[in-house]
Structure formats: structure tokens, C-alpha cells
Amino acid sequence: MSVAPVLLAQADAAGAAAVTLARLILVVPEMVLLTGAVVATILGLSRSRALRDATPAAVVISLLAAMLLVPLVHTPERAEAAGLLMPMLGKPVRMAICAIGAMLCLVSIGLVDRRIEAAFASGRAAFDPIRVIRGEYYAFFLLSVTGLMLVSTANDLIWLFLALELTSLPTYIMVAISRPSRRALEAAVKYFFLGALATATFLYGFAMLYGAAGTLILTEMRDVFAAQAAAGGLGILAVLGLILAILGVAYKIAAAPMHFYAADVYEGAASPVTAFLAFVPKAAGMLALMLLLGTVGWHGHSVVDDSGARIFHDGLPRAVLYALWIIAAMTMTLGNVGALLQSSAKRMLAYSSIAHSGYMIIGLIAGPGLGLNSVLFYLLAYGVMNTAAFAILAGLERQGEEIESLADLAGLARRHPLLAAAMAISAGSLIGLPPLLGFWGKLYLFIGGIQAGQIGLVIIACINSAISAWYYLRLVGLPLLSPPTPQAEAVVPTPSIWPRVAALSGAAAILLLPLLVQPLVEAAQGATSATPADFAVVLRGAGAPAP
Amino acid sequence: MALLALAVLVVLAVAAPFVQRAAPRRAGAILAAPILLLAAGFLAELPAVAGGTFASSSWPWIPDLGIAFALRVDGLALLFAILVCTVGPFSILHAGESLAGHPRLGRFQSTLLCFMAAMLGLVVADDLILLFAFWELTSFTSFLLIGFDRERADARRAALQALLVTGGGGLALLAGLLLLAIAAGTGSGPVFSVQGLLESEALREPAAWPLVGPAIVLVLAGCFAKSAMVPLHFWLPNAMEAPTPVSALLHSSTMVKAGVYLAARLSPALGGIALWDNLLLGFGAVTMLGAAFAASRHSQLKKILAYTTVSSLGLLMLLLGLGAAKAAAAYLLAHALFKGCLFYCAGILTEETHVKYAEKLSGLARLMPMTAVAAILGALSMAGAFPLFGFSGKELALKAELAAGSFGLPLVIATVVTAIFTVLAAVLAGIKPFVGAPPRLDEPSAESHADDRAAGPRDPAWPRLLGPLVLAGAGLVAGLAPGLFAKPMVMSTAASIAGSAVPESPLSALGLLWPPTLATALSIAALVLGIVLFALRGAWRRATDPIAAASAFGPDRRWNAALDGLMATGRLVATLLRGPTLTGAVRGALIAIVAIIGLAAWRAGPRPDLKEAAEGTTLLDGAVVAVLVISAIAAPMVGSRMGTIAVLGGAGAALAAVFLLYGAPDLSMTTIAVETLVVVIASLVAAQLPRIKTISGAAARIRDLGIAASFGLLVGWLALSVAGRSELKPVSDEHVLRSVPEAYGRNVVNVILVDFRALDTLGEIFVLGAAAVGVTAMLGTARRRGATP
């Protein structure tokens, strides 16, 4: 069983109680979400159709309530008292998660139980609570989002592990029940087994990290590792443990070499679930990586050269840096080159979402200041634009089946100009065309990368962006320019209006959020700094000459 | 003024579809008039700008990074602004006529106006990020404009190609601009202000070179892609799929010049750095000569003009590389005037006669005299004939090259040869269609429409005629009396390019002709030889067929090859690296983990002391390990599921024994319980599964054995390395010590679970609960499938 000598080392039991209390109050928004999950389960089983239909509303309401609660409970003092590694990380991140979560929930309205509800409505079947899965679906939805939010306030490895698992476990089920097809089941099995492998990998890494630091608490790990680095270099155990953990968590962000599942699973699941998978576990993995790398830090590391002299260098420990570098370069390239070939829009977006993880790793390598800020900003941008793109797929259908192939989108502009425009805007943003939201995300990542000396990676990212333009532009060109094919003529909007609402609001956000880049990045800056004192340093360090 | 102009253009762009619907016949004039007023406004700023006073304004956008919405109108920006605001409205007028009745005309005008706004923004932007945003917007609007005729696959393909080349080049540009901004900042944050960048001394410091070197390559890659330099030139001739107004505006005077603009804009900061100069010179010279050669062999009107445009862009880049600011400025203006004029004339010719090929046209001067005047003036200017402004431009270019010293000679030769080809192209495209035998109107042309043939070709109405006439007239006035507008424009532009005021020298055609110099002689020689070549063009084309076939200047074969290559790589990646099956994916992940961890461990790695680890082991240990190893090896060899499960159960029992031997009886008991449960559950599941039919072949087994063995060895190695590090105090003593006084519990395990780590236990319960609900949902789904097949 897990142990924490530190809690015990604190003679003052009242102090420990205060820490626990602070941590409990910090997670009040998560408790709201859990309550929402319970409510969703009950509503979903209700005999009344109206109550069953209200399930997603309960989800959205609990997400919005949690979003409003976050700034109330997440005060700097409380975050300080809870002893978090990045005290304010949870504030903007959790608010953004709730907002994107609400958008994702809108996308999935009308997804599950469509046939069975039709059967109930027509009287062909009598209502049977065991035959509806709406309650479970939305409860899992909220549980997974809860896990993601818990990652951002993790302060020890066990919490981090549990939060990551809470994020992932519901998604395995969501894939399986998202649509009645063999492919969904196959995808779920694949996802589950590879997920288990990944979990074992990072758990092993966590164990090694514990062995190296002698503590599970992230802030104390940071201090132990800093002392080790100053006294002659980080122990090999810490480095290997960290790399193992990174490789395991790479699964959550669908980064190479743990990306193998992404294309099949994303394609097998229904579009709304795919949108969910492409954001929630990925964000959890990114935040977890941020915290894990935060324990070793981005400075004070050294290598021993051939003559035996110790040379201090900027940035992450060399071995970790190389591992991340390789992961980033492979992830970007494999994702983009893989996406090139796809004739299925969903599969293309799946591969391309692999590539976006690669871009974000550049920010992780760059570290505090612009690097980490840009990761958070990019996560937000990616969440909005990717969800919007999937929402358009989810908002259209052909003969009751969800559309998948690119050809289905041909000539969309003639019949649904707004949706076509939303698709063009989302795809443009995913490429990084200025002045759309995605451009600012890339800009920050690239500046952060260059300032950290990672010019090679930034150039690889630019080349990859050019490759991505080739396939993303099909999402612009086909709906806007091409004449509709007979196949595309049969594409109609889904009965539920909400996925389209999500798509259009996402497109609006892509257009409008660039006006708020400055406040958003300021929020990210507050979030990633280690302590409020460091916050000021970061601000001064990154501050450009006043305009 | 710049902001006002941007606002007017955006408002017009929004209003265009409505205007078009409300007043279909007069919409062109209504939309064009305000822009011509803007052009007048910009012209009115000319004296002040020539005097060295620049209007600038700035609003903060992202103060943390120093990114601002900053505008600045200096000589270079003003020249482009005037071009955008004069050629632009002509294009709108032209489109209003030539596309009259087209259902999407309103949207076309709107896109055209958006493009003009983007282009204007690009040249007046005083912030690198703003500049880049406008840069990509010009690419995107031009994509929509080229693909306007979306029913035709060629147009769609050309549009996408142009966007990919120019937009993709844009990404290189972004990386380059970021590098420059950071290099100029020297640690105090990036400098995004263009003025700040130009004034920065840091760029020329040796310390900045690691950033500036790649920056130059990347920035120029972006400029070359946009301005169609070889080998990225191919998109421009293909972009001639676009309607005439687009070609005249985008592909002669504005968008393709954006690359030249940016190179000129950055010249004060980077000019004189050998890499910068040499790249501009090299690519400029090759493009100039190669494209002119290609132009000399074409006979399709718009293609001739497109290739000569590429050639001119090459000359401009070359002049920038030489640092010949004044020559570059003069040629820039001259080219915009005559090429815009010729594009409009070519468009009118094609629209009126439905013939695309210059060789098929002759004697049209009598039928369309006004067009003929404009076209001939434009062609003469392009050929560099006295006294048009094209003559002045070419003369200054030759003079600058002659002054460049020893390496100037090859450049002079290349320029003269280019001039000869250009004369041929100019005569063919601009003069030949109008002179000679009158056309036989009754000759049925394959491309003509029945109803148009009766009317025959004639001069169009003023909206289409205004543009070419004004541009041709401006070329003539500029050559004869440059003081009117050309001289202040050229001088202030040259000052922007050079970074400081340039010395006065004659600019008028007369002033350059007399007293004659070597440049004059070369220019006249080129003119004469060009006319001779025109007369012999049939023989010339036949003679050069082999070269053309061998050269890469043909259709964009390499583009297709490159795309094919990219696709093939994609397929390779997909087949090689994507695990098509679950086992394949597991294999891939395991190999990667072993490789990355193994490499890191090997590089810095722990060297476990086997001797020390072996110390104190007993025979019993050996026996337990033997059971473990044997069951691990036996598991995949048994051949039946039940057998494998049983053997793995044996391995589990051996593991429990290990725990027991090393003093962890509770852990051992837990392990036995879990292992037993797993065996029972797995057997129950296995009983339901079909029998294993196919077992992988020998090669696959050996491969899997290798993967499994390497993974096992890695984990074992790591475990051994960890075992040696016992400097950390075990935490269990502390737990036992505090269990009673702090938690009032005697069972330490319980205390840890519900007290010391209570929050984690709560989390575990949640996770397990979620898993349990999930299993229920899955079972429910399965039952439902059974119920409703």
C-alpha cells in the first residue's frame, strides 16, 4: 500500500488536517460534477421521456455550476495551503475544461438510445430501464471530466494516478456503448488493452520515481530532485522513472510511440465520443506531463563531459529532453503523414489530433514561462477547434448513419452554408491560419520553442504544419468549392439541433477569442508558475518592451 | 489614412453582395469609386512621404509579447498602397462587365475587396505578426479567387496548388520571422515591430548568426514561394485559370510582389549579409532567365504574360540582392504599370474573340482601336522601348549591374538575354494581335460562341477599357515626365529599401538615353535582337524543343511527383508503423518502450552489480525462480487456453512464494488470493471462447520471443539497479510507530488505508465504482442486443 512519510513527518497533526481541508475545498467543483453524475444516472433511468431527455441538461448545468465555483474555491491562499506544485494551475484550466466539456456534451446530445427511444415512442416496445443507457453514458461523461479536473489539482503521485485512471476508465465504456456496431466494440477492446499496458508502464515509472525521491508528494519530489541535481546530478532512477512515466502518459495524449490505437479507436467510436477522446484524456495527459516534468524542473541540470567536467545546461535533464524530443518529432510527423492518406474525415482528424500532441510537447520541452503557457493556451484552442470540427461531423447524417468520408462533405456550402463556413473556419484554425485561434496557439508554441533553443523542433513543426495544410484544406475546399456528389446530396442534418449549435459556437469562439489572447495568456501565466513569487519572476522575464 | 483605407475596403467587401443585388448594372462603378478616392488620398500623401514624414499609428494587442496593431506608411508601403487602390478598382470594373450576370458575382467582388484589404494591410503593417496575418490572408483570398470557377477541376486544382505553395511558404516565413524577432530582441523578448527590427543592431552581431542564418533561409523561402521563384514558380502559370481581373490585380501588380515587398522591406536590416545577397542574386538570376526562356516558347496570351511576370520577379529579387534600391523601385513601378495593362488587354482580347492564342490573332487594331493603343503602349514599355517607363526601369537595372564589378558581367549577359526574350514575348502578346492582315470574321473559330460571332470583336465599354488605358498612359507619362508622380514614388521607395535617402540621378527616358552609355547600347541591342527573334520565332521554338523537353520548365511534373512521394511516404508510414491489429500495436509500443528506455539506461545507465545481487541467495530461492522461469516459458507453448491459464497460475504462486521468502506474508497472501481469483475467472471466460485454431508461425514466434525477452531483460535490469539503492529509509517503521498514538489503530494496514491515505482510498473507491457501473452498462448493452437482434 502506498505511504507518505511526509505527512507523518509533520509533527503538527493540525497542519496535516488543514492541508486535507484545503484540498477538499479545492475539489468542491469536482464534487458537484459527481453529484451531477448521480443525478444523470437517475434521470436517465426515469420512466418519463421528458425527464430522460433532461439528462444532458443536468450535465451541462453541473458543468456550468462547477465552472462558476472554481474561481470561488480556488484562491491563491487555499492553493498555497494545499501545497500544490503549480498552485494556480487548476483555476483557469478547470474553468476551460468545464466550458469545453459543456460544448462536448452538446455535441453528444441525440447520440445514444436513439433507436430504442423511437421504439418506446412508437409503442413497439415497452419502457425497460435496463435497455436505456443514456444515464450511464452521461454519468461516465461527467466522471471522466471529473478525472481530468482532478489531474490539475493533483499534489501527489497517487492522486495523479487515480485521476488519470478516472479519466480513462469511463472512456473505455463510452467507446463501446457509443453506437451499436462491431467496430465500436472492437475499438473499445483495443483501447482498453493498450490502455492497460500504458497504465502499467506509467505506474512502473511512478514506482521508480518514488524510489528515487522517497516521497510521493510532488512539491517534495521537486525539492529532493533539486537537491540531487545540485549535489552531482539527478539520479538515474529518477530519470528512467520519469521517462517511463512519460511513455505511459504518452498513451493518454496519443503521442508516438503509444499512438497506435488512436486511428482505429477514434474511427470506431461515434463522432461525439471521438471528439471527447480527442480532448479529455489528451488534456489529462498534458497536465500530468506538466506536473511530472515540474518535479525535476527546467533548470539546474548538468551533464558530465568526456573530460569528466560537470557542465550545467538550461532546460530538462538531457535524457528526458532527448526522449521528449524524439516523441515530439515522431508524433508530429507520423500524425500528419498518416492523415494525408485518409479518405475518411474522422480518421483524418484522428491522425491529425496525434500531430497536435506533438506540437504541444514543444511547449513542455520549453518549460516555464512561454513554453508551459503556450501548452495551456494551445490546449484551449485545440479543444475548441477540434470539437467544432467533430461537431460538424456529428451534426450531419446520411440515411440515419453518421457521415465519415470526406466525399460526404462535398458541396456542403450549397445546402448548409453556415456549417460549411464553420468547417472551413475550424480547419483553417487547425492549420494555424491567422488570425484564427489556432494560429495564436502555434505562434506561442513556436516562440516558446525558439526561446528555449529548440529551433530544430520548431522547423520540424513548421514543415508539419505545411503538410497538415494539404489535408486540412480538403475540409475547406470540398465544402466550399466542390460540386456535391450524389452521395453528398443525401446528407442531412441530424434531428438534434445541439451538435450544430456546438459547431457554430465553436466557430464563433475561433473567430472571437483571438481578441482575448492577452488575458487568456495572462491566465495561463498565472497557472503555470510554481509559486506566486515565481509568478512575478516569470512576468518580468517574459515581459517585452512596453508598446 | 491607412486605417481608413482598410476600414473602407472591409466595409465595401461586406456590402458588395448587397450592392450587386440592388444595382446589378452599376455595382462595379459604385464599388470602385470609393477606392479610387482612396488612391487619390494616398497620392496626396506622396509629397510628405517623399519629404521623409511617415504617418504611423499603433494600438496594443498583446503587450506581453510586444505585438501591436501597428501601421506605418513609408515610401515602399505607399507605392504598393497606390497600386492596390488603382489596379484594384479597375479589376472590379472589369469583373462587373466580364462576369455580368454571373450568379456569384457579388461574392466574387467581395472576395476581391477582401484581397485588396489584406494586401493593403500587408504593406502598411508595422508589426511582423500583423504582417504575417495579412500575408496568409492574401494567400487564402487568392485561393478563393483562383478557384472562383469552381465547376472546373483545373481551376480547383490550380487554386489548391497556389494556396499550398504560398501558404506553405508562409509557414516557413513565420518560423523565419520569429527567429528574426527573437534575434533582434537579444534576450529581452522578441521584437515584433518592423521598425524596431530594422533599427536593431543585434541582427548583424556574430552572436546572433545561429538565429539569423536559418531566419534568412526561411524568410526567403516564404518570399520565393509567394513571388514564384524557381523552383517554386509553377503555381503562377497554373493560376492563370483565374478570371482576368484576378490575374491583373493579383498575378502582376500585387500579390506575387508580396515576396519582393518583404525582401525589400527587410533589406535595410539584412542587405549586405552574404547569405541574404547571394540567395537573392542566385535565385533571382536563374528565375529571370529561365522564365523568360519559357515565355519565349509559349503562345497562349496569359501564359506568356505569366512567365514574363515570373521573369520580372526574378529581376527584382536580383536587384535587391545587388542592393540596387533605385533600380528595383523603378522597375517595380514600371512592371506593375505595363503588366497590369497587358493582362487587361489579354483578357479583353480573349473575351471578345474567344481565342486564347496570340498566334491566331492579327489585325484587330481596326476593330478595337482603343484596346490596341493600350496594349501596344504596354507592350512597348515591357520591351523597354524609348520613351516609356519600362525603358527607364531596364536602363537603371543594367546600370546597376554594370556597376557591380566583376560578378556583374554574367548578370548583365543574363539580363540582356532575358531582355531579348522579353521583347519577343511583348511583341507577340501585345502588338502582333493588332497588326497585320485583318481577321477573317467569317472564319468559324472552334472556341467562339454562335451569338457572339455576329457582333465580332470590338472595343469594350469604358469600365473594361479604363484600366488598361490609364495604366498605359501612366507608363508613358512616367517615362516622359517622371517628376509628375514617378520620381517621388521611386525615390521614396528606394529610400525605404536602402534604409536611407538615395542620391538623385536621371529617371526620365530622355535623361537616361542621352548621353548614351554602355547600358543604352545594350538596351538597344536587346530590342533589335528581340525583334529579329520574333521574326524567327518558329525556327527558335523548333530549335529549342529539345532543351524545353529536357528542362524542368514544362508542366508542373515535379509538383505531382512531390505529392506522389508524400503520399507514398504516408502509405509506407501507415503500413509500417500503424499496428493494424491489437497485437501489432502492443508489439510496436513495447519495442518503442524498450528502445527509448534501453537507450537512456545504456547511455547513463546503472550497471547492476550481479555479484552483489547474487549474494545470500539460497537453494530455495533458486527453486522458486526456476518455477517462475519454467512457467513463463511454458505459458505460450502449451497450446490451449486452459493450459496457459494453469501455467500462469503456477507463475503467480511462485511470485507469492518470493514475497513469503522475503518477509512480506501479507503481500504473499494477497497475491495468492488474487492469483487464484484470476485463474478461476480466466478459466470461466476461456471456457466460453472458441478453441484456438491458428497459432502464429515460427518466424512470428521468434520475433515475439525477442520482443518479450528484451522487455523482460530491461525490466529485470532496472529492478536489479533499483535493488542496490537502499539509501532511503523504509517508511514502514514510521507507520508502525505512529499508528497507535495518532490513529488509535493497531492494524497498520487498516490505518494506512482509512487514515493516513484516506483520500487516496476514496479515490480508489470512485475509480472502482466507476469500473463496476461500466461493467453493468456493458452487460446491459449485451443483454439488449440479445433481446433486439
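## Interface between chains A and B

Chain A and chain B bury about 9,000 Å² between them (accessible area lost on being put together, 1.4 Å probe, summed over both parts), and 79% of this area lies on carbon and sulfur atoms. On the side of chain A that touches chain B there are 76 nonpolar, 13 polar and 12 charged residues, where Ala, Val, Leu, Ile, Met, Phe, Trp, Tyr, Cys and Pro count as nonpolar, Asp, Glu, Lys and Arg as charged, and the others, Gly among them, as polar. Between chain A and chain B the count of salt bridges (a side-chain nitrogen of Lys or Arg within 4 Å of a carboxyl oxygen of Asp or Glu) is 0.

This is a predicted model, in which local features need pLDDT of at least 70 and side-chain atom pairs count only at pLDDT 80 or more, whereas totals for chains, interfaces and linings use all residues. Residues are numbered from 1 along each chain as its sequence is written, chains are lettered from A in the order in which they are written, and side-chain values use heavy atoms, without hydrogens and water.

## Salt bridges within chain A

Over all chains, the whole structure holds 28 salt bridges. One of them joins Arg23(A) to Asp156(A), with the closest N and O atoms 3.8 Å apart; because Arg23(A) lies in helix α2 and Asp156(A) in the loop between α9 and α10 of chain A, the pair ties together parts that are 133 residues apart in sequence.

Note on methods: Buried area is the accessible area (1.4 Å probe) that two parts lose on being put together, summed over both. Helices (H or I, at least four residues) and strands (E, at least two) are DSSP runs, numbered from the N terminus.
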